[in-house]
Structure formats: C-alpha cells, structure tokens
Amino acid sequence: MNPLTKSLWVTVLVATFACSLPAAESAPAKKEAPGASEAGPTRHPLEGVVVDIVPDRGSLLVKHEEIPGVMRAMTMLLKVTESDLKSVQKDQAITGLLVRKPDGWWLEAVKPAAP
Ligand SMILES: [Cu+2]
C-alpha cells in the first residue's frame with residue numbers, strides 16, 4: 001500500500017469512527033413525513049460520489065454531501081447490497097438512503113444521480 005493510499009484509509013477510518021459516535025445522531029428526533037416507515041431506523045436521503053468500490057467489505061467508499069442533523073460532508077465507507085455494489089462505477093454521482101443499522105452505516109436504494 002503506498003503512503004497516499006494509506007493516509008486515505010486512515011482518513012476513512014477516522015471518518016467512519018466519527019460517524020459511529022452517538023453525538024452524530026444527537027439531533028432531536030423529529031417527526032418524519034407521513035409515509036415514513038414506523039418500524040426500524042430512519043432513512044436519510046444522501047447525495048455523493050463513489051470514490052472507490054470495496055467488494056471484500058461489501059462497501060462503497062462514498063464522498064457525500066452534508067446530511068443536515070445527521071452528518072457533515074465527508075468521505076466514508078457505506079455498506080451496500082451485493083446488487084448495489086455491482087450497479088455503480090467509480091467516480092459515479094449517486095443518490096441513496098443512508099441508514100444506521102446495528103452493524104454500521106448502510107446506503108440503500110442506490111441510484112445514479114440525475115444528470
Ligand atoms: Cu458520513
């Protein structure tokens with residue numbers, strides 16, 4: 001691993017850790033729009049770019065915009081389904097739904113961003 005790659009991964013790990021701190025979720029729980037699922041965790045719309053695809057972690061490295069009340073803009077690993085993993089390309093702009101699960105942050109409903 002070259003030093004640049006290594007420092008990128010350190011940044012990612014720090015960002016991932018920061019995302020898992022309770023403070024990242026300290027925004028007051030507010031009522032979701034009607035139609036939001038009553039069961040399970042809240043899903044937050046996310047816009048970002050695929051920086052890298054990491055199949056052996058079932059994850060995408062995503063540089064995402066700020067998600068108000070949830071997370072500042074950052075680059076982080078997000079778990080995705082097998083089919084979402086295969087549906088994207090590096091450097092592609094995407095949208096999805098960010099959701100916190102017991103095993104970490106997931107990105108669901110991954111789609112190419114509207115051109
Ligand atoms: Cu993040």
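Val 49 has Lys 63 as its bridge partner in strand S2, and opposite Ala 93 in strand S4 it stands as well. Strands here are DSSP runs of E with at least two residues, numbered from the N terminus. The model is predicted, with pLDDT of at least 70 needed for local features and 80 or more for side-chain atom pairs, while totals for chains, interfaces and linings use all residues. Residues are numbered from 1 along each chain as its sequence is written, and side-chain values use heavy atoms, without hydrogens and water.

S1 and S2 run antiparallel and are joined by six bridges; S1 also pairs with S4 in the antiparallel sense, over seven bridges. Two strands pair if DSSP finds at least two bridges between them. Four residues lie between S1 and S2 in their hairpin, where Gly 58 takes a positive phi near 60 degrees.

The copper ion has as protein donors His 64 (NE2), Met 71 (SD), Met 74 (SD) and Met 76 (SD), at 2.1 to 2.5 Å. Donors are N, O and S atoms within 2.8 Å of the metal (3.2 Å for Na, K and Ca); water is not among the atoms, so sites may look incomplete. The site is tetrahedral, with angles of 97 to 121 degrees among the four donor atoms; four donors count as tetrahedral if all angles lie between 85 and 135 degrees.

Met 74 and Met 76 are both buried, that is, under 20% relative accessible area (1.4 Å probe, protein chains only). Met 71 is, with Leu 78 and Leu 98, among the residues with the most contacts inside the largest nonpolar core, which has 18 residues. Such a core is a set of buried Ala, Val, Leu, Ile, Met, Phe, Trp, Tyr and Cys residues joined through side-chain atoms within 4.5 Å.

How values were computed: Tetrahedral: all angles 85-135°; square planar, octahedral: opposite > 155°, others 65-115°. Buried < 20%, exposed > 50% of the residue type's maximum accessible area, 1.4 Å probe, protein only.
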